[in-house]
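Please look over the structure below before reading on. This briefing goes through it topic by topic.

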Amino acid sequence: MIHITNGYVIDPKTEFEGYRDILIKDERVAVMAERGTPLTELLQRAGVSGKGSMSGQKPDMQEWKERAEAAEHIDAAGQIIAPGLVDVHVHFRDPGFTYKEDIESGAAAAAKGGFTSVVLMANTKPPVDNAETLSYVLDKGRETGLHIHTCANVTVGMKGQEIVDMEALSQAGAAGFTDDGVPILDERVLREAFRRAAKLHKPVSLHEEEPARITNNGIHAGKAAAHYGIGGSPREAEICMVERDIRLALEEGADVSIQHISTKEAVELVRQAKKKSAHIWAEATPHHFTLTEEAAIVHGTLAKMNPPLREESDREAIIRGLKDGTIDMIATDHAPHSEEEKAKPITEAPSGIIGLETALSLGIRELVAPGHLTMMELLDKMSRAPASLYHLNAGHLAENGPADLVIFDKDAVWRVEKDGFASKAVNSPFIGEEMPGVVTWTICGGKIKYHRERQGD
């Protein structure tokens with residue numbers, strides 16, 4: 001059992017916030033009570049039995065005291081207690097690219113960042129287009145103690161031609177479907193995938209970049225591309241795909257997630273589509289609401305990602321989309337690469353940055369501190385909303401609910417250090433920066449998966 005006291009609870013599902021003491025028993029939140037409620041009372045309310053109950057007698061006070069002393073105690077004074085964060089767009093590179101990351105190291109990074117549930121993308125080697133690979137990922141994920149879910153591919157081999165056996169993969173545990181990293185260009189294939197996914201009540205998450213319009217991926221076709229003397233990736237590559245895919249999704253009634261949105265035009269397309277249907281979803285990454293193409297000039301390959309960082313007006317549009325609900329979720333697109341890969345020239349290095357360990361802090365710094373979002377709204381976009389799209393039992397904190405939660409000090413400051421990541425990778429443009437928001441405890445399934453001492457403790 002775990003007894004948490006003095007923390008300020010924020011639950012975006014019920015929109016409750018206030019001080020509560022919490023008793024965790026087994027894998028559930030057994031009791032949430034007024035701050036200062038005696039632990040013996042919490043134990044009784046939780047139905048914790050003692051030796052006396054074996055003979056039908058109530059445990060005496062000494063026995064309750066012993067039970068109370070046996071519980072693990074966490075003093076969360078000055079900290080926020082929230083549902084464990086949920087990231088529905090991460091790459092753990094396992095199987096096939098485990099020199100970059102594997103499921104164990106990815107889970108460690110997630111726990112350090114306050115995440116208890118993640119949804120993996122399926123662009124592994126082999127890809128998750130078959131039940132055997134799907135089972136491998138899910139079985140290995142269960143060993144971590146976090147809730148590791150995975151999408152399956154939309155098409156066999158991510159070739160965009162033949163749809164996978166979506167029904168069988170759904171039955172085997174696929175959380176949704178995606179060919180993330182490769183856009184699905186054949187409209188007929190995507191339309192049929194939408195139809196089948198809608199029947200299964202599974203989301204389809206889409207990477208929105210048309211390759212034919214891109215000269216060099218990962219760098220915006222603007223100031224950054226000019227700096228490097230390359231063609232780059234224009235905004236039109238995203239806009240045309242978002243426009244087409246929203247149209248198809250509206251026609252077929254499928255839940256579609258527009259991944260890592262990067263342009264103001266795409267934000268507006270989603271905004272208008274949401275007026276017509278609740279099936280249209282969108283996600284934004286911390287790097288896209290924090291940085292612009294200027295970062296690609298300063299940090300080089302460490303700020304190269306697909307879609308690329310764009311202009312200040314795009315960054316501002318993404319923040320407006322988060323504020324007005326056009327963009328439902330914050331997802332990291334955690335994309336580990338080796339230092340050797342990122343040391344290659346700008347046109348050869350792979351795209352992507354890691355993000356699980358900095359996401360909450362960037363949300364606090366870039367969205368809550370300037371007043372764009374309340375803490376409740378930030379946590380909603382990082383827990384309840386993504387869990388809702390993927391139908392996960394996560395993103396809420398209540399009695400009899402899952403004992404998945406994060407405890408963090410929103411005011412404490414930490415420094416992003418290259419040697420401080422739990423991830424195998426260090427490809428982050430934020431190294432050296434100081435950030436607010438220190439995760440001190442991550443609890444998943446009633447077990448402590450991460451603990452960090454606060455300064456002064």
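This is a predicted model: local features need pLDDT of at least 70, side-chain atom pairs count only at pLDDT 80 or more; totals for chains, interfaces and linings use all residues.

Residues are numbered from 1 along each chain as its sequence is written, and side-chain values use heavy atoms, with hydrogens and water left out.

**Helix packing**

- Two packed helices are described by the angle between their axes and the distance between the axes.
- Axes are lines fitted to C-alpha atoms, for helices over the stretch in contact, and angles run from 0 to 180 degrees between N-to-C directions.
- Helices (H or I, at least four residues) and strands (E, at least two) are DSSP runs, numbered from the N terminus.
- Helix α14 (residues 359-368) packs with helix α15 (residues 375-389) at an angle of about 140 degrees, and their axes are 10 Å apart.
- α14 and α15 are therefore oblique to each other; angles under 35 degrees count as roughly parallel, over 145 as roughly antiparallel, 65 to 115 as roughly perpendicular and the rest as oblique.
- On the α14 side, the contact (heavy atoms within 4.5 Å) is made by Ala-359, Leu-360, Gly-363, Ile-364, Leu-367 and Val-368, and on the α15 side by Met-375, Leu-378 and Met-382.
- Sorted by class, the contact of α14 with α15 has 8 nonpolar residues, 1 polar and no charged ones. Ala, Val, Leu, Ile, Met, Phe, Trp, Tyr, Cys and Pro count as nonpolar, Asp, Glu, Lys and Arg as charged, and the others, Gly among them, as polar.
- Helix α8 (residues 236-252) and helix α9 (residues 264-274) have axes 9 Å apart and pack at an angle of about 15 degrees, and α8 and α9 are therefore roughly parallel to each other.
- From α8, Glu-238, Ile-239, Val-242, Glu-243, Ile-246 and Leu-250 meet Glu-265, Ala-266, Leu-269, Val-270 and Ala-273 of α9.
- The contact of α8 with α9 has 8 nonpolar, no polar and 3 charged residues.

**Cysteines**

- A disulfide is a covalent bond between the sulfur atoms of two cysteines.
- The structure holds 0 disulfides, counted as pairs of cysteine sulfur atoms within 2.5 Å.
- Cys-151 is in no disulfide, and the nearest cysteine sulfur, that of Cys-444, is 18 Å away.
- Cys-151 counts as buried because its relative accessibility is 0%. Buried means under 20% relative accessible area, exposed over 50%, and partly exposed in between (1.4 Å probe, protein chains only).
- Cys-444 also counts as buried, at 2% relative accessibility.

**A buried alanine**

- Ala-68 lies in helix α2 (residues 61-70) and counts as buried at 11% relative accessibility.
- Leu-39 is 29 residues from Ala-68 in sequence, but the two are 6.2 Å apart in space, C-alpha to C-alpha.
- Leaving out residues up to four places away in sequence, Ala-68 touches Leu-39, Leu-43 and His-73.

**Backbone details**

- The peptide bond from Asp-94 to Pro-95 is cis, with omega near 15 degrees, and Pro-95 lies in the loop between β6 (85-90) and α3 (103-112).
- Another cis peptide bond joins Asn-306 and Pro-307, with omega about -10 degrees.
- Asn-6, in strand β1 (residues 2-11), is not a glycine but has a positive phi of about 70 degrees.
- His-391 is not a glycine either and has a positive phi of about 55 degrees; its relative accessible area is 52%, so His-391 is exposed.
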